[in-house]
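Subject: Structure handover

Dear colleague,

I am passing on the structure we spoke about, followed by a short account of what was found in it. Please have it open while you read.

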Amino acid sequence: MIGRLRSWQRRTWHDRSKAARVELQSVIVTHCTFWVFSLSWLMLPLLSGLHPEPVPRLLGGLLLLLGALQCVVANRCVRPVLDHYLGRAALPPRALRAPVGLLVLGLALLVLLDLLDAAPSITIRLVLGATLMPFGMLYSLLVPLRVFLRQTAVLAAVLGLVLGLTRLDAAAALGSAVMVGFVSLFCLLTSRCGAWTLSVLWEAERAREVEAQLAVAEERLRFGRDLHDVLGRNLAVIALKSELAVQLARRGRPEAVAQMIEVQRLAQESQREVREVVRGYREADLGKELAGAQGVLTAAGIDCTVSGSAVGLPPLVQSALGWVVREAATNVLRHGDARRCAVTLEIKEGRAVLSVENDGAPRPGPGPGAGLTGLRERLSKVDGTLRAGPDGRGSFRLSAEVPLSPTESFVPPRTVSEVTP
């Protein structure tokens, strides 16, 4: 049973992105809002304020049943209406028929209840707000703001006039109009503002995805330009000299051998230059990786601190630890639910020690991850070690140590810089 609950929690919460979690929370709050206001604005006033005659009790019971149906129908319409507002899908033509029908029926019962003078004026106004609220929260997402305000003003005037005429009371008419205005503002502040916040959040999420794709595309273009610059000239010369060697060989000239030797030399040089380009592409700069990890984690809403400096470390050590920083940042984003992350780089007894600690311990998997296995393989080439796992205090700690070769100089920085976003 506990395993099923954890699996359900992982599917419904942990496996969602941050924007999806915010949306799920907003939908749940909206569902609860319908019922909370129906219980507080509809049930309590009717149970305590209705006259004890049979007709008022019957009308009150019908209003209670109608309010429950409004909440059920509104809960079913929240997702389609929200998808329509966010531009994901068009609203089905018949989606609002049931909410509109229940609203009209509820207003008719309310006018009849007021006409029979079966409840105090304050009870009628509260029931009016409870009747309008479920439909108003949905309708505020379907029309432009100006249209919603204009139609709300017309509705306030009509209901104020009708409910004022039933008792011939100007104060009752004004109270009804004020209640309609209050409900409209409440719908705008809760439903429309929340949906607007979601739209901005999803837009930022899409912008981050586009930015990541552009970064990958730019890196591919850079790598392509480097390869073109390295191979373009050499391949052109190889083609010309090969053609010249062919012509000389056909004529029986001994210079053809010299030309083919030159072609062989150019080909070997091209291989060497390509290996250098690939090696530079695959090597990770530790300073850039630290800054990049902090920027990415901060953008994801994680409080990230970076202490230490990569200045003076040998290139091989920087490359190995740079891959550790990159993989650790990826694990924090993908596998945990961290709010805080601390990256520390220290030099201890001739060893460079990099530790990444976060308070969102990842869920245990069926076996060791491929990323950590790859890191251990990279570190083993420079005699480094890697340790990763929960620290017993609810945090996850990844630590890598790489020895500094005595033949390689290391110039320690004068100060340890600590950057806090």
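Which residues does L113 touch, not counting residues up to four places away in sequence? L113 touches L46, L50, P56, L59, L63, A118 and I124, where contact means heavy atoms within 4.5 Å.

Please keep in mind that this is a predicted model, in which local features need pLDDT of at least 70 and side-chain atom pairs count only at pLDDT 80 or more, while totals for chains, interfaces and linings use all residues. Residues are numbered from 1 along each chain as its sequence is written, and side-chain values use heavy atoms, with hydrogens and water left out.

L113 is also one of the residues with the most contacts inside the largest nonpolar core, together with F34, L128 and L132. This core has 55 residues, a core being a set of buried (under 20% relative accessible area, 1.4 Å probe, protein chains only) Ala, Val, Leu, Ile, Met, Phe, Trp, Tyr and Cys residues joined through side-chain atoms within 4.5 Å. Helix α3 gives the most to this core, with ten residues. Another core, of 34 residues, lies apart from it and includes L313, W323, C341 and L386.

Helices α5 (residues 121–139) and α6 (residues 145–167), as DSSP runs of H or I with at least four residues, pack at about 155° with axes 13 Å apart, the axes being lines fitted to C-alpha atoms over the stretch in contact and the angles running from 0 to 180 degrees between N-to-C directions. α5 is therefore roughly antiparallel to α6, a term for angles over 145 degrees. Among the residues that meet there are L128 and L132 in α5 and L155 and L159 in α6.

Best wishes

Technical notes. Helices (H or I, at least four residues) and strands (E, at least two) are DSSP runs, numbered from the N terminus. Angles under 35 degrees count as roughly parallel, over 145 as roughly antiparallel, 65 to 115 as roughly perpendicular and the rest as oblique. Buried means under 20% relative accessible area, exposed over 50%, partly exposed in between (1.4 Å probe, protein chains only).
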